[in-house]
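Please follow the short account below alongside the sequence and the coordinates.

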Amino acid sequence: MDNPDTRGPRSTVPGAQVIARAAHLLRLVTAAGDAGATVGDLAHDADLTRPTAHRLLNALRIEGLVDRDDTTGHWLPGPELFLMGSVAASRFDVTAVARDIVRSLAVRTEESAFLSVRRGDETVCLLREDGSFPIRSFVLSEGVRFPLGVASAGLAILAFLPPQDVDAYLDRHPELADRWGASHSPARLRTRIADTMARGYAVNPGLIVEGSWGVGAAVFTRSGDPQWALSLTGVEFRFGGERLAELGRILLAHAHQLSTRIAAR
């Protein structure tokens, strides 16, 4: 049986459940990137029956929001998403003002550098810039989503939210430990949140992929909300000891520069 989304007041609005399910499918399709995703995988990830997922995808296809590769059967983002995104970018996109900062971060550290944005209870990667070091981590790339508190970018954002928002987030997502491992239990997340606030930046010591480390720093709106994050990823031996502290200092300097630039817009 499909699992209805009952979070918040939208569940009382006629048709809201269908819209929420369709929106969830859209996010899953875009997260799959250029390779696309099968209807079976999308149904599983959206907690829908296969017929329901197929019906919603076909409806989205008619509107041009998704497309289907007739050779592979995979579902892909549709042309209308590009048109909508182009219009929305003028209001929400900060990649134009952040691109040179992300590039500078990659050059200074020689690691892969990223800009992510908060979207609800997730972060979405907007920009990736690879550094010159030849061994790289490919955990994160444009369009990839993670729950807050999982990757270093999301942990950096979560740590600087108001305490009541952190409590509400952890209450909404008791599944984090089951999905991402015991290190993402509420108690252990709270410990990492406290560590992040103390040092100013988040550290992910290979908790998503063994041996792949990340550090992240929040980027703030003019009113002080942690809406974005800059992060670095790389192999474990590049993120230890004094070098980790140096990476953190460089990261915080770039995050402050971007926060200042965004506030001045």
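V117 lies in strand β3, which covers residues 112–119; helices (H or I, at least four residues) and strands (E, at least two) are DSSP runs, numbered from the N terminus. The model is predicted, so local features need pLDDT of at least 70 and side-chain atom pairs count only at pLDDT 80 or more, while totals for chains, interfaces and linings use all residues. Residues are numbered from 1 along each chain as its sequence is written, and side-chain values use heavy atoms, with hydrogens and water left out.

Strand β3 runs antiparallel to β4 (residues 122–129), and seven bridges join them; two strands pair if DSSP finds at least two bridges between them. Two residues separate β3 from β4 in a hairpin, and G120 in the turn has a positive phi of about 65°. The bridge partner of V117 in β4 is V124. Strand β5 (residues 145–147) pairs with β4 in the antiparallel sense over three bridges.

V117 counts as buried, at 16% relative accessibility (buried means under 20% relative accessible area, exposed over 50%, partly exposed in between, with a 1.4 Å probe and protein chains only). Beyond its neighbours within four places in sequence, V117 is in contact (heavy atoms within 4.5 Å) with E122, T123, V124, L126, Q227 and W228. The C-alpha atoms of V117 and W228 are separated by 4.3 Å, although these residues are 111 residues apart along the chain.

H173 is buried, with a relative accessible area of 15%.
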